[in-house]
Amino acid sequence: MDGVGEAARMVGAVLGGRLRLVRLLGEGGMGAVFEAEDLAGGPRVAVKLLHPELVANEEVRRRFVTEGQLATRLVHPSIVRVFGPSVAEDGTPYLVMELLDGSPLAAYTRSHVAFPPEQAGPIVYAVLQALAEAHRQGVVHRDLKPENVLLARGEGGRFVVKVVDFGLAKVMDAAGGMGSRTRTGALLGTPGYMSPEQVRDAKRVDARSDLWAAGVIFYELLTGRSPFEADNPIAKLTAVLVADAIPIERDAPALERWRGFFERALAREVEARFASADEMAHALVLVARGPTGRPPGVIQTPPPPPAAVQASYAPPAPPPPEVQAPAPVPSTLPAPPPSEALEAHEGPPTVSLLLAALLMVIAAAGGFIAGWLAGRG
Ligand SMILES: Nc1ncnc2c1ncn2[C@@H]1O[C@H](COP(=O)(O)OP(=O)(O)OP(=O)(O)O)[C@@H](O)[C@H]1O
Ligand SMILES: [Mg+2]
């Protein structure tokens, strides 16, 4: 699988006499993810196949299977269901997962669109719930980044957040020093999302590094940019060691209320950060609700979308038929993402795909927030 071509050639292969790979969904540092058909008649699944270059390394294979087994214990609505690791006829280990229909959060963060807190908040809240469950079971993600958070369609067309790849960064640790395929990001975590202590020593991270990454993701969703000024991977690694995060309100004074939250979430000293995912989630809810106890900016009666938005999206895409929730329209709809930013993405989501996903998020945000508040209230 040296490049997209080789992974794509796996399409049609049958694993374990039962799972036929029908479509390549994407590739990362560790392997490739396929949609697979169950020849025994079960539902379609996603299969993550370890890269052939890594299969030769016994320690990598062992870790892949061990971490895959641990992941099967993580059963939570915001964690992708892992059914188990398995080994193909040729010795290649693979992971069988619930198949998700959606887009990685990276499709949004790469567009540099700023999302209002009432959209970004529930997404990050769900990520924190996923982390809380994993941390309770002793599993640290270690490579939380927008590529590993999927916005997917759940039952009844509801929008759901799913964190993928729990613990798999350990597999890449085991692959240290192997060939061109093991890029720095895959080995240690991902520059831009790694906490200062993780940059210093990737092996000695704890749950609070995941919280740092969740803070970076939240910051990026709210502002459309990184919390640290750096334009290449090395600068991204060093910036967190020497610089403070850009104050969240610098370009958007309306975000001032979030300043204290991000001072803790992105504190260089690990002791100054939120101590747990639950604590961070609680703080998020308190800020989102504001002094009135209600989340600011949630519009109860949706006004018609602004004319400028309609014009830029003409003809407006119909909402996905599965989405049943009433569509609350945020006070400021984000601008359409620049197409070149999307083209640079591996397996580029088209603007219309992104728009459909965005509509899905907007449409479902009302129901999600209602559930969120009900759950907290
Ligand atoms: N269970 C799933 N259902 C549907 N798509 C998935 C599933 N798991 C992963 N994907 C998609 O497959 C693609 C490849 O995922 P993969 O984890 O291999 O790459 P990555 O996250 O970009 O990099 P990394 O190897 O660092 O995790 C991604 O676009 C991801 O959104
Ligand atoms: Mg991944």
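How many nonpolar, polar and charged residues does the shell around ligand 1 have? By class, the shell has twelve nonpolar, six polar and five charged residues; Ala, Val, Leu, Ile, Met, Phe, Trp, Tyr, Cys and Pro count as nonpolar, Asp, Glu, Lys and Arg as charged, and the others, Gly among them, as polar.

This is a predicted model, in which local features need pLDDT of at least 70 and side-chain atom pairs count only at pLDDT 80 or more, while totals for chains, interfaces and linings use all residues. Residues are numbered from 1 along each chain as its sequence is written, and chains are lettered from A and ligands numbered from 1 in the order in which they are written.

**The ligand shell**

Of the 23 residues around ligand 1 (C-beta atom, placed from the backbone, within 6 Å), those that come nearest are Gly26, Gly28, Val33, Ala46 and Leu100. Two or more residues come from each of strands S2 (19–27), S3 (31–38) and S6 (93–98); strands (E, at least two residues) and helices (H or I, at least four) are DSSP runs, numbered from the N terminus. S2 gives the most, with three residues.

**A helix pair**

| Helix pair | Angle | Axis distance |
|---|---|---|
| H5 (residues 117–136) and H12 (residues 277–289) | about 160 degrees | 8 Å |

Axes are lines fitted to C-alpha atoms, for helices over the stretch in contact, and angles run from 0 to 180 degrees between N-to-C directions. This angle makes H5 roughly antiparallel to H12 (angles over 145 degrees count as such). Contacting residues (C-beta atoms, placed from the backbone, within 7 Å) include Pro117 and Gly121 of H5 and Ala277 and Asp278 of H12.

Technical notes:
Angles under 35 degrees count as roughly parallel, over 145 as roughly antiparallel, 65 to 115 as roughly perpendicular and the rest as oblique. Two residues are in contact if their C-beta atoms, placed from the backbone, lie within 7 Å.
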